[in-house]
Amino acid sequence: MKAWQLKDSGSIDNLEWKDVDDLHASSGELLVKVFSTALNPVDYQLIESGHPKWNYPHIPGVDLSGEVLEVGEGVEGFEVGERVAIHTDMSKPGAFAEQAVVNASAAAKIPDGVSFDEAAAILCAGMTAYQAVIQKLNAAEKETILVHGGSGGVGGFAVQLAKKLGHTVFTTASKESHDRVKALGADLAIDYKDEDVTNRIMEETEDAGVDLIFNTVSSEEATADLDRLAFSGQLAYIAGAPDTSDVKPFTLSPSIHEVALGAAHASGSRKAVDNLAHMANELMARLSEDDLDPVIDKVLSREALPEGLKMLKQNETDGKVIVRMQAE
């Protein structure tokens with residue numbers, strides 16, 4: 001088989017398309033023929049920084065969809081030939097290959113009518129949004145939410161999920177993406193380049209602030225979100241925690257939630273890994289019912305995978321970038 005191997009950390013340019021040893025499923029695992037992989041910021045971030053458990057050369061990539069080739073000992077519920085999708089363990093060889101070995105407990109079956117591209121698209125980004133909006137933030141009796149980066153992969157899914165819950169959805173996005181995020185369900189798009197986000201939020205909420213915030217941007221922006229949050233509001237983040245040192249006790253009374261999807265594999269918790277499959281199944285059910293836009297922006301050949309990572313890093317994409325790993 002062939003794979004994109006990383007000869008050393010530090011640069012996307014260190015990826016090489018090479019022959020590698022054939023793989024086989026061990027106990028608790030599936031061997032999957034990879035048809036599609038979705039590119040994510042965590043992919044290029046790990047390629048550049050490395051991972052303490054990686055041995056080089058290493059095959060990166062955290063999202064894949066494909067067809068089961070082998071079922072390992074002790075695995076129940078999967079058969080050879082079935083279509084599956086999985087957010088993989090980032091500490092192990094991954095998705096940027098013709099075949100991959102995955103933890104069967106985290107795998108979800110792809111419903112009829114859902115393509116490999118669509119199934120790959122909803123994994124890291126969609127599941128992160130699902131965990132934040134559905135599982136972390138308490139949506140009961142809440143009315144408003146601010147989603148940062150609504151035109152991105154995670155933000156695009158979060159906008160859709162929040163709107164389905166009945167929230168009034170505010171999102172930040174560049175002006176050229178406003179039509180796109182409104183089509184996904186945003187009630188208001190704020191051009192973060194030209195507008196003061198805090199002022200606009202307070203104007204729209206009559207100085208009350210928003211009930212829920214999902215920050216996909218940075219720790220600094222999450223800190224600024226504290227001034228946009230309603231009393232007893234909730235803030236979930238994926239790109240750094242807010243600095244709450246200026247929040248006095250018994251004033252704002254915020255709830256802060258870290259969202260770390262990939263940590264499920266490292267947690268040692270079977271329940272956490274099973275939840276990855278649960279979230280993927282929930283999102284693919286929505287895809288099969290045409291109740292979710294997979295927000296696919298580009299579909300590339302496997303030869304273009306490094307270029308796709310560079311486009312993602314340079315913020316030249318609107319939504320998900322999919323790479324088809326089999327020869328066309």
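Hello everyone, some background. This is a predicted model, where local features need pLDDT of at least 70 and side-chain atom pairs count only at pLDDT 80 or more, while totals for chains, interfaces and linings use all residues. Residues are numbered from 1 along each chain as its sequence is written, and side-chain values use heavy atoms, with hydrogens and water left out.

How is the chain divided? Into domain 1 (2-124 + 269-324) and domain 2 (141-259), with bounds from an automatic or database domain assignment. Their contact (heavy atoms within 4.5 Å) takes 12 residues from domain 1 and 10 residues from domain 2. The C-alpha centres of the two domains lie 29 Å apart.

Now, how much area do domain 1 and domain 2 bury between them? About 960 Å², with 56% of it on carbon and sulfur atoms. Buried area is the accessible area (1.4 Å probe) that two parts lose on being put together, summed over both. On the domain 1 side, L292, V295 and D318 supply 46% of the area buried against domain 2, more than any other three residues. Across this interface the rule finds 1 salt bridge.

Let's finish with helix α1, residues 41-49; helices are DSSP runs (H or I, at least four residues), numbered from the N terminus. After α1 comes G50, which has a positive phi, near 80 degrees.

Notes:
Buried means under 20% relative accessible area, exposed over 50%, partly exposed in between (1.4 Å probe, protein chains only). Helices (H or I, at least four residues) and strands (E, at least two) are DSSP runs, numbered from the N terminus. A salt bridge is a side-chain nitrogen of Lys or Arg within 4 Å of a carboxyl oxygen of Asp or Glu.
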